[in-house]
Amino acid sequence: LSYPPHQVLGLPALSPTMTQGNISKYLVKVGDTVDAGDRIAEIETDKATVDFDVVDAGTVAKILIPEGATDVQIGTPMIVMADEPSDVAAFAD
């Protein structure tokens, strides 16, 4: 099985001491196109709720971790971003 060009975004370390976090809220949905610097989620750390901003532009193809998930380890795949909006359907399953 081969997927179109994409990136998988893992849960980022949003503070030097962060080892896990909670997915407070997604600010995007499948099919949304985002630009570098856009906020895509609010992540709750042990100290605060912090925005997760994307580094590269793309289109949200699949959300892998549900909103409200707790104790998610840093680096756990969170969102699939397709390079082209027309490729989103390839990630539906």
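Biologist: In this predicted model, where is the place of Ser 86?
Modeller: The model is a prediction. Strand β8 covers 77-82. The place of Ser 86 is in the segment after β8.

Biologist: Is Ser 86 buried or exposed?
Modeller: The relative accessibility of Ser 86 is 65%. The cut-off for exposed is over 50%, so Ser 86 counts as exposed.

Biologist: What distance separates the C-alpha atoms of Ser 86 and Ala 61?
Modeller: Along the chain, Ser 86 and Ala 61 are 25 residues apart. Their C-alpha atoms are separated by 9.8 Å.

Biologist: Why is the pair of Tyr 3 and Phe 91 stacked?
Modeller: The structure holds one aromatic pair. The ring centres of Tyr 3 and Phe 91 are 5.0 Å apart. Planes under 30 degrees apart count as stacked, so the pair is stacked with its planes at 10°.

Biologist: Is Phe 91 buried or exposed?
Modeller: Phe 91 has a relative accessible area of 6%. The cut-off for buried is under 20%, so Phe 91 is buried.

Biologist: Which strands stand at the edges of the open sheet?
Modeller: Four strands form the sheet in the order β1-β8-β6-β3, with antiparallel pairing. An edge strand here has a single partner strand, so one side is left without a neighbour in the sheet. The strands at the edges are β1 and β3.

How values were computed: Residues are numbered from 1 along each chain as its sequence is written. This is a predicted model: local features need pLDDT of at least 70, side-chain atom pairs count only at pLDDT 80 or more; totals for chains, interfaces and linings use all residues. Side-chain values use heavy atoms; hydrogens and water are left out. Helices (H or I, at least four residues) and strands (E, at least two) are DSSP runs, numbered from the N terminus. Buried means under 20% relative accessible area, exposed over 50%, partly exposed in between (1.4 Å probe, protein chains only). Rings of Phe, Tyr and Trp (its six-membered ring) pair if their centres lie within 6.5 Å; planes under 30 degrees apart count as stacked, over 60 as edge-to-face and the rest as tilted. Two strands pair if DSSP finds at least two bridges between them.
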